[in-house]
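Please look at the structure before reading on.

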Amino acid sequence: MAEEKERTLRDWASIILPRVLRATFWGFIMGGELLIPLQLPSFGGQIESLFPQSQMSFTNVVLIFVVFEVAIQLLQGTVIRYAFSIARTIVSMVALFLATNGGVISITISSSAGVPLPPEQTIIFTVDFSAVLGIFLIFSLLTIVKNLLQAIDFLSQKAEEPVTIPEFP
Amino acid sequence: MNHEVKQSIRALGWAITLSMLLTFAFLVTSIYSMVQTILEGRGISIGEVQSDVSNGLLTLSIPLTVNNTGYYDISNFNVTLVLKKPDGTVISSGGTMLPVIKYGSTATSWSNLTVDLRELLSEMEYLLFNDSEFKLDMLFSFRYAYALSFQVDAVNTTIPWGAPLYNFSLTGIGAPYNITLTGFLIDVYFGFENHSPFTVEGTLSLKFYNNADEYLGSGTETINVPPGYGFTGSVTIEIENPSKYTGSGYIEVSFESPVLGFLELGVVEYG
């Protein structure tokens with residue numbers, strides 16, 4: 001049996017660097033690109049104003065999603081990846097529920113500078129998409145089930161791999 | 001774990017991803033379509049308000065047209081109107097409901113607001129003589145694509161009120177004429193503008209008193225003033241007891257009409 005070679009810095013770099021690059025790429029694709037316009041006061045302010053003043057802002061929801069995605073990609077090939085996937089789904093469910101106020105969003109437009117409304121008039125728009133949010137949450141629960149099955153599959157695969165028993169000197 | 005289970009997990013993953021994308025696409029298109037219909041297509045519009053007065057009740061009929069130019073049906077379209085006094089007290093409320101407006105079709109609903117003019121004017125006498133404004137709260141609620149609920153609450157929309165006897169005044173008193181031992185006649189001139197949406201029709205009554213509170217005589221005049229018109233005229237008073245006429249005193253003015261009922265308009269001094 002061949003003796004295991006000790007990994008050099010070059011070996012570690014060849015393992016870590018692709019993961020970091022992949023994590024950066026997927027982090028950008030899975031929400032990172034949204035963070036750039038959200039940081040702009042003109043655009044970000046408008047987007048944030050659409051969401052109710054709840055415990056969770058839209059930027060925070062995106063940020064949490066991106067952090068989890070980066071962690072999942074960095075831990076590719078380990079079972080912790082699935083644990084992070086499940087945690088991301090649960091946190092996203094809670095964050096989405098809080099950010100959208102349970103699927104009911106109200107926007108109040110008052111007569112002020114730049115708004116063509118008569119004085120004292122107020123218009124309140126309320127959108128109730130709780131039914132659609134419910135569907136999203138059900139899909140999220142199914143995603144948790146899928147991640148659990150993937151984790152079990154991963155562990156069973158690992159269990160089936162041949163174990164190299166070190167020889168006694 | 002065998003290959004079939006791995007394939008099943010992958011299929012479940014794709015099914016979830018595809019379903020989420022479809023649901024998200026539905027959410028985006030329905031919100032976009034609704035916003036386009038309401039804001040750019042002016043899908044919800046209020047037509048010309050029609051008014052009708054009978055038996056002292058003013059009925060305002062407000063037409064609401066919904067032109068559904070979007071991709072999905074609108075259902076359970078409810079309209080609620082609340083008419084309020086300037087201080088916020090509710091005068092009248094009404095509403096209507098359209099069960100379904102299919103995409104590409106137009107529907108109109110009429111909402112009626114009934115105002116008891118006699119009751120209103122007895123409580124708010126200044127509305128007889130002064131233009132004012134009421135507040136209207138409009139509440140629209142509807143379901144879009146049978147999945148999303150929308151509610152638009154337009155609060156404090158101003159509704160102008162035109163006074164039926166705007167600027168009512170006695171403009172002058174003529175010299176006595178047809179003088180006999182038993183009495184004489186005297187003309188009292190008056191004028192006003194009808195700013196209200198209904199015809200001011202009825203009998204104006206004047207009672208003449210001297211400065212010792214003694215009744216001298218009275219006169220009436222029938223008037224008919226359409227909306228938006230001014231009126232100037234006179235009431236001939238028949239003074240029954242010329243010896244009590246002192247040249248000064250006061251006149252009690254009242255008006256009786258089928259729409260407004262009997263109204264004490266007040267007291268005007270003369271002389």
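Are helix 3 of chain A and helix 4 of chain A roughly parallel or roughly antiparallel to each other? Helix 3 (residues 58-74) of chain A packs against helix 4 (residues 80-99) of chain A at an angle of about 175°. An angle over 145 degrees counts as roughly antiparallel, and therefore helix 3 of chain A and helix 4 of chain A are roughly antiparallel to each other.

Helix 4 of chain A also packs against helix 5 of chain A, at an angle of about 170°. That makes helix 4 of chain A and helix 5 of chain A roughly antiparallel as well. The table lists both pairs.

| Helix pair | Angle | Distance between axes |
|---|---|---|
| Helix 3 of chain A and helix 4 of chain A | about 175° | 10 Å |
| Helix 4 of chain A and helix 5 of chain A | about 170° | 9 Å |

In the contact of helix 4 of chain A with helix 5 of chain A, the residues from helix 4 include A:Tyr82, A:Ile86 and A:Phe97, and those from helix 5 include A:Leu133, A:Ile144 and A:Phe154. By class, this contact has 13 nonpolar, six polar and no charged residues.

Where helix 3 of chain A meets helix 4 of chain A, A:Phe65 and A:Glu69 are among the residues of helix 3, and A:Arg81 and A:Arg88 are among those of helix 4. This contact has eleven nonpolar, two polar and three charged residues. Two of the residues named here also form a pair: the charged end of A:Arg88 sits over the ring of A:Phe65, 4.9 Å from the ring centre.

Aromatic rings also pair with one another. Over all chains, the structure has 19 aromatic pairs. In chain B, ring pairs link a cluster that includes B:Phe26, B:Tyr71, B:Phe140 and B:Tyr144.

Confidence comes last. Chain A has a mean pLDDT of 82, and chain B averages 87. Within chain A, confidence is lowest in helix 2 (residues 41-50), with a mean of 69, and highest in helix 5 (residues 130-160), at 91. Where pLDDT is low, predicted coordinates should not be read in detail. The model scores ipTM 0.71 and pTM 0.67.

Methods: Residues are numbered from 1 along each chain as its sequence is written. Chains are lettered from A and ligands numbered from 1 in the order in which they are written. This is a predicted model: local features need pLDDT of at least 70, side-chain atom pairs count only at pLDDT 80 or more; totals for chains, interfaces and linings use all residues. Side-chain values use heavy atoms; hydrogens and water are left out. Axes are lines fitted to C-alpha atoms, for helices over the stretch in contact, and angles run from 0 to 180 degrees between N-to-C directions. Helices (H or I, at least four residues) and strands (E, at least two) are DSSP runs, numbered from the N terminus. Angles under 35 degrees count as roughly parallel, over 145 as roughly antiparallel, 65 to 115 as roughly perpendicular and the rest as oblique. Contact means heavy atoms within 4.5 Å. Ala, Val, Leu, Ile, Met, Phe, Trp, Tyr, Cys and Pro count as nonpolar, Asp, Glu, Lys and Arg as charged, and the others, Gly among them, as polar. pLDDT is the predictor's confidence in each residue, from 0 to 100. Rings of Phe, Tyr and Trp (its six-membered ring) pair if their centres lie within 6.5 Å; planes under 30 degrees apart count as stacked, over 60 as edge-to-face and the rest as tilted. A charge sits over a ring if NZ of Lys or CZ of Arg is within 6 Å of the ring centre and within 35 degrees of the ring normal.
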